[in-house]
Each structure stands twice: as C-alpha cells, then as structure tokens.
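Here are my notes on the model you sent.

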Amino acid sequence: MNRLFLLIILIVQSSWCQSGYHVFPAENPKTPGTPSGDGSLEHPWDLQTALNSKKLKGGDVIWLHAGVYNGRFSSSINGETYKKIIVTARPYERVVLNGNINSKQSAVLNIRSSNVVFRDFEISPYHLKTRNEDHPDFVKFAGIDHLSGTNCEFINLSIHGNNGLGIGSWNTTGGTKIINCLIYDNGFIRRNGRGAGEGIYVQNSSETETRLIGGNIIFGNYYKGIEVWSASRDANREWVKNIMVIDNVLFNNGLPAKNPVDNIIVGTDDRNGVNIAKNIKIVNNILYHNTDFQTNQANGDAPCLTLGFHINAPIENVSVKNNILLGRNNVLRILYAKSIMFNNNKVYGGYLHIGADNLDKKYFNYWQLVENKYFTKNGTPFYVPKRNKLGFKDWQKRYGLDRKSEWMLNRDFDLPDILQVIRYDDQPNVYRLTLFSKDGSTVKVSPKLFEVKDYKSFEVFDVEKSDKPIVSGSLNKAESIMIPMEHSSDPNKTLNNFGVFLVKFKN
C-alpha cells in the first residue's frame with residue numbers, strides 16, 4: 001500500500017511540475033522572483049505577484065522555492081470547489097515567510113480567498129527584537145489572518161514566534177480546515193504585563209459548512225491555545241457555531257507569560273444573548289499544563305478547558321468526548337452551559353469549577369455526563385462559587401449526573417505511557433506520538449504500533465526542539481524505540497512527565 005501511495009504521489013507531483021507556477025524570494029541571488037515574471041522556472045514570480053495573479057485557475061499549483069520571503073503578503077486568488085489552487089513549498093525545500101517588517105497589514109499572510117490550499121511552509125520572523133508591547137521597537141503581527149472566502153485548507157504549516165496570534169479564522173470563512181499544523185510561541189506581553197496571542201482564534205457563521213481543526217500541535221503560545229470565541233458584546237446574529245476540534249494536542253499555553261490559561265475555550269461575551277456558541281464538537285484531544293504528578297500537585301490555576309463565558313450567552317449543544325485534561329485548579333470550567341454532552345473523558349486537577357447559574361436555572365437537566373474519570377485534590381471535587389463544594393456522591397444524587405463515572409483522589413492517578421498515536425494522512429511515513437511518564441523515565445515504544453513494513457529506519461523528533469532528531473536507528477535491529485522524556489530545566493518548557501514527538505520512518 002505504501003509503494004502504491006508513493007507512486008500516486010509521484011504521478012501527481014509530476015503533473016503539477018508540468019502545469020505549476022514557480023515562485024522565488026525577491027532576494028534570491030540566482031533567480032529572483034519578480035512582478036514581471038511569467039511564473040516559469042526561468043522567469044519566476046515573487047510571492048505577492050503569485051498570490052494576486054489573475055492567470056491562476058482551479059487545479060493550478062504555486063511552487064514556493066527554498067528561501068526566506070521577507071514581507072507581509074495578501075492573497076486574493078480563488079480556486080474551485082473540487083479543483084483547489086495549491087500554494088506549497090517544493091518537496092524537501094524549506095520556505096519561511098518573515099513578517100518582521102514595517103507594514104500596515106495585520107498578519108504575515110492576509111487571505112481573502114476561497115478554495116485554496118496553503119501547505120508545507122513556515123511563518124516565523126527573523127531578527128525579532130522584542131516580545132514586549134511597551135518596548136519602542138515592538139512590532140505586532142499575526143501569522144495568518146483568514147479574513148474572507150470559504151473552503152480553504154491550511155495543512156502542515158509551522159507557525160511560530162510571531163508577535164500576535166498564530167491563525168485567525170474568522171466568521172465568514174466557512175468550510176475552512178486547519179490540519180496537522182505546528183503552532184507555538186506566538187504572542188507577546190501586553191503593557192499590563194499579561195500575555196496576548198492565541199494559537200488559533202476561530203469563528204463560523206455558516207449554517208452548512210462545518211469548520212475543522214484537526215491533528216494540530218499547539219503549545220507555548222502567550223495566551224490561549226484554541227479560542228472558539230467572539231469577544232463582541234453587542235451581537236445581532238450568530239457566528240460561533242458548527243465547529244469540530246478533533247485529534248489535537250495542546251499544552252502549556254500561557255506559560256511564556258507565566259500564566260497558564262485555557263488550552264481550549266468555547267463561548268462568547270455577547271450580552272444580548274444572540275451570538276450563542278453552539279454545535280461545537282471537541283473530540284479525542286489531549287490538553288496538558290505542567291503538573292508534578294509524583295507529588296500529586298494540584299495548587300494554582302491551570303485550566304485546560306472552559307465551556308461558556310457570559311451569563312447571557314450559555315453555550316448550547318456542545319459535545320466533549322474522549323479527551324484527556326491534565327491541569328491543576330480549574331482544570332475544567334463549565335461556567336454557563338445550557339446543553340452539553342461530556343462523555344468518556346479523563347480529568348486530573350485540583351477541582352472542577354461549575355457555575356452556580358447552571359444549577360439555579362436547572363441547565364443540568366439538559367446535560368449528559370457519562371463514563372468520565374475524575375481525579376481531584378480532595379474529597380469534594382466539584383467547586384461551585386459562593387457555595388459549598390460538592391462531593392462526588394452528592395453530585396450524582398442531587399443532579400443525576402455522572403452515574404456511570406468514577407472519581408478518585410490525585411494520589412491514585414496514573415495513565416498508560418502511550419496516550420495517542422496518530423498517523424498523518426498526507427505524510428504516510430510520519431506519526432505523532434504523545435507520551436506520559438509519571439516519573440519522567442524513558443518510554444519504550446514498540447514498532448508494532450506503526451505500519452512500518454516498507455521502511456528501514458526511523459528518526460524521533462521532540463516538537464519542542466525539532467531541529468534535529470533525539471533518537472534514530474534501524475528498524476531491523478530495534479525491538480523497541482526508546483524515547484527519553486527529559487526536555488530541559490528551562491521553566492518555559494514542558495516537564496519530563498509529558499511529551500509530544502514526531503516519528504519519521506525512512507526507506
């Protein structure tokens with residue numbers, strides 16, 4: 001199967017090479033891209049010319065050649081529903097978009113396009129002088145602003161180090177997919193000392209096109225990981241709905257600003273009760289904040305998931321299934337939720353925060369909480385502000401919830417070493433591996449977990465120091481792959497009990 005897949009890829013790439021258009025950095029000494037080029041290999045375009053070209057049609061490919069592209073860029077090209085335009089780096093060539101320049105554009109890549117695929121390149125600044133807003137040399141810029149246009153795809157992008165959010169995917173961009181991206185270290189310190197800059201900020205006003213956020217690794221941003229959110233307080237329509245968040249791993253968002261915040265939040269700040277976050281699915285994600293599980297650490301706020309935000313805008317029809325939440329106090333906050341499903345999740349923290357309004361207004365009658373496992377600091381796991389904490393049996397008896405769930409103290413907590421193995425559909429030789437080791441010891445991984453019969457060797461990369469492999473070897477000789485969990489003593493890095501790795505197999 002792998003050889004057949006490779007043959008198909010080679011055939012497709014060959015056809016792309018014949019019909020594609022070529023882009024080089026303007027500063028390339030041998031073949032600079034220019035506005036007067038025709039997109040051929042001999043006379044390539046610069047990037048901005050390519051992204052505005054009227055010459056492009058559905059099915060065309062824009063090949064980005066290796067180098068640093070300095071500037072802020074805007075895209076107005078449009079493909080077709082079943083024949084998207086593809087903007088991609090050439091295979092095995094490193095392409096970096098550097099937005100650390102003076103510009104009126106808000107992001108490195110500003111997109112007003114439909115049916116375009118952006119994939120396989122980096123968005124990261126060079127020579128950034130400061131991450132502090134009050135510094136005279138501070139320059140603010142996001143990675144991507146998808147401002148308008150539908151059915152775009154963002155695949156296998158690396159977005160990091162930008163002085164703003166990673167990706168903003170706004171409400172009129174229905175059908176967008178953000179898949180297998182690496183989004184980290186975006187944001188800055190505000191003048192008030194707080195962090196700003198989310199990994200992904202997403203909205204959706206479409207009734208028919210679901211927004212997909214899947215398979216991404218999102219960590220160490222200065223503010224929240226994923227915000228399914230609107231900050232508008234005076235809405236007259238709905239634009240936070242029909243969104244799927246699946247198979248992502250998010251950890252230590254807020255840590256660079258020394259303030260762990262939500263890895264995921266779902267809600268709005270609408271005071272009119274019109275713009276309600278609804279029809280949201282959060283499935284099979286792993287959410288983590290630095291926590292010492294050997295000492296049963298639980299003190300200090302470190303929320304992983306917040307559901308609902310304002311009393312006038314309780315979320316509706318939100319489904320949370322098969323997730324792992326590892327934090328401290330406020331690990332899970334259900335603030336204002338009119339109807340939710342919270343099933344088969346594992347939660348570790350100081351306590352679970354339940355908004356009193358959910359109980360007073362009897363929203364809990366529309367909740368389904370089933371087969372969850374909770375681990376908390378003491379015998380009263382549910383905290384209701386301005387009320388007494390609730391023991392697990394009281395919670396079950398009073399509100400009829402979690403009847404098939406379990407609760408235990410933190411000291412009884414443990415997880416298997418291997419939390420998740422996910423194969424990248426677009427890169428059949430690459431797997432994402434999420435590991436847990438309570439005492440920080442090396443984890444043994446069997447090659448049998450992977451479909452590797454057509455590969456000869458492997459390399460393992462820690463996503464927090466991904467410039468070179470931490471382990472490599474031959475599959476013929478390896479009965480198991482030994483992965484060290486030690487990161488570093490840096491307080492802005494993940495503790496040794498948790499890690500996310502990319503395992504790449506080679507012929």
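**Notes on the predicted model**

1. Glu-209 touches Thr-150, Asn-151, Gly-174, Gly-175, Asn-204 and Asn-242, leaving out residues up to four places away in sequence. With one of these, Asn-151, there is a side-chain to side-chain polar contact of 3.2 Å. The model is a predicted one.

2. Glu-209 lies in the loop between β18 (200–202) and β19 (211–214). Its relative accessibility is 23%, so Glu-209 counts as partly exposed. The C-alpha atom of Glu-209 is separated by 43 Å from that of Ser-488, and the two residues are 279 apart along the chain.

3. Arg-131 also sits in a loop, the one between β9 (122–123) and β10 (142–148). Arg-131 counts as buried because its relative accessibility is 16%, and buried means under 20%.

4. Apart from neighbours within four places in sequence, Arg-131 is in contact with Phe-138, Gly-161, Asn-162, Asn-163, Asp-185, Asn-186, Gly-187, Phe-188, Ile-189 and Tyr-222. At Asn-162, the side chain of Arg-131 reaches the backbone oxygen at 3.5 Å.

5. An open sheet is formed by 5 strands in the order β38-β39-β44-β41-β42, with antiparallel pairing. β38 (418–424) and β42 (471–474) are at the edges; each has a single partner strand, so one side of each is left without a neighbour in the sheet. From one strand to the next, the twist averages 20°.

6. Within this sheet, β39 (residues 427–436) pairs with β44 (residues 498–506) in the antiparallel sense over 7 bridges. Leu-502 in β44 stands opposite Arg-432.

Terms used:
Residues numbered from 1 in each chain as written. Predicted model: local features only at pLDDT ≥ 70, side-chain atom pairs only at ≥ 80, totals over all residues. Heavy atoms only, no water. Helix = DSSP H or I, 4+ residues; strand = E, 2+ residues; numbered from the N terminus. Buried < 20%, exposed > 50% of the residue type's maximum accessible area, 1.4 Å probe, protein only. Polar contact = N/O pair within 3.5 Å; in protein donor to acceptor, adjacent residues only side chain to side chain. Contact = heavy atoms within 4.5 Å. Pairing = 2+ DSSP bridges. Axes fitted to C-alpha atoms, helices over the stretch in contact; angles between N-to-C directions.
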